[in-house]
Amino acid sequence: MTHRRIHSVEFKRDAVQLARTSGNLSHTARELGLNASLLRKWLTTEQGQGEAAFPGQGKQHLTLEQQEIRRLRKENEILRQEREILKKAAAFFAKETTR
């Protein structure tokens with residue numbers, strides 16, 4: 001069983017900066033003992049979120065609006081699933097009554 005390595009925010013930021021300056025992502029990843037896909041993920045995260053990237057320990061710093069959007073999306077997904085279940089139940093019972 002392998003242990004999951006935890007990298008500090010500083011290490012991630014330094015690795016991203018090194019990858020940018022070197023221009024060779026896979027070589028930089030090898031030098032740092034990382035998988036190239038992980039370093040690529042860090043690059044895209046840092047590009048998209050800037051200073052908010054890498055909050056640490058899986059905690060994201062979300063604004064109140066972002067928290068509300070996340071909550072509403074979860075609620076929306078639950079409602080979609082419930083609607084699909086009801087559609088299937090209605091079709092099942094409609095088929096049973098026609099027999």
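Predicted model: local features only at pLDDT ≥ 70, side-chain atom pairs only at ≥ 80, totals over all residues.
Visitor: What box do the C-alpha atoms fill along the principal axes?

Guide: Taken along those axes, the box is roughly 70 × 35 × 30 Å. As for the surface, the accessible area of the protein comes to about 8,400 Å², and carbon and sulfur atoms account for 54% of that area.

Visitor: What share of the residues in the protein is buried?

Guide: Of the 99 residues, 15% are buried. A residue is called buried when its relative accessible area is under 20%, and Trp42 counts as buried because its relative accessibility is 5%.

Visitor: Where is Trp42 placed, and with which residues is Trp42 in contact once its neighbours within four places in sequence are left aside?

Guide: Trp42 is placed in helix H3, which covers residues 36–49. With those neighbours left aside, Trp42 is in contact with His7, Phe11, Lys12, Ala15, Val16, Leu34 and Phe54. Arg13 stands 29 residues away from Trp42 along the chain, while the C-alpha atoms of Trp42 and Arg13 are separated by 8.3 Å. For the protein as a whole, if you take the contacts between residues at least 6 apart in sequence, 43% of them join residues at least 24 apart.

Visitor: Now I would like to turn to charge, so how many positive and negative side chains does the protein have?

Guide: The general idea is that side chains of opposite charge can pair when their charged atoms come close. This protein has 19 positive and 12 negative side chains, and the centres of the two sets lie 6 Å apart. A search of the whole structure finds 6 salt bridges.

Visitor: Which residue meets Arg71 in a salt bridge, and where do the two lie?

Guide: The side chain of Arg71 meets that of Glu68 in a salt bridge, with 2.8 Å from N to O. Both residues lie in helix H4, which covers residues 64–97, and they are 3 residues apart, about one turn of the helix. Glu68 and Arg71 are also linked with Glu75 in a network of salt bridges.

Visitor: Why are Arg71 and Glu68 described as partly exposed?

Guide: Partly exposed is the class between buried, under 20% relative accessible area, and exposed, over 50%. Arg71 falls into this class because its relative accessibility is 42%, and Glu68 does so because its relative accessible area is 35%.

Visitor: With which residues does Glu84 form salt bridges?

Guide: Glu84 meets Arg83 in a salt bridge at 3.8 Å from N to O, and Glu84 also forms a salt bridge with Lys87, where the closest N and O atoms are 3.7 Å apart. Glu84 and Lys87 both lie in helix H4, 3 residues apart, about one turn of the helix. Glu84 counts as partly exposed at 34% relative accessibility, Arg83 counts as partly exposed at 44%, and Lys87 is partly exposed with a relative accessible area of 48%.

Terms used. Residues numbered from 1 in each chain as written. Heavy atoms only, no water. Salt bridge = Lys/Arg side-chain N within 4 Å of Asp/Glu carboxyl O. Buried < 20%, exposed > 50% of the residue type's maximum accessible area, 1.4 Å probe, protein only. Contact = heavy atoms within 4.5 Å. Areas by Shrake-Rupley, 256 points an atom, 1.4 Å probe, with all protein chains shown as cover. Lys, Arg positive; Asp, Glu negative; His and termini not counted. Charge placed at Lys NZ, Arg CZ, Asp CG, Glu CD.
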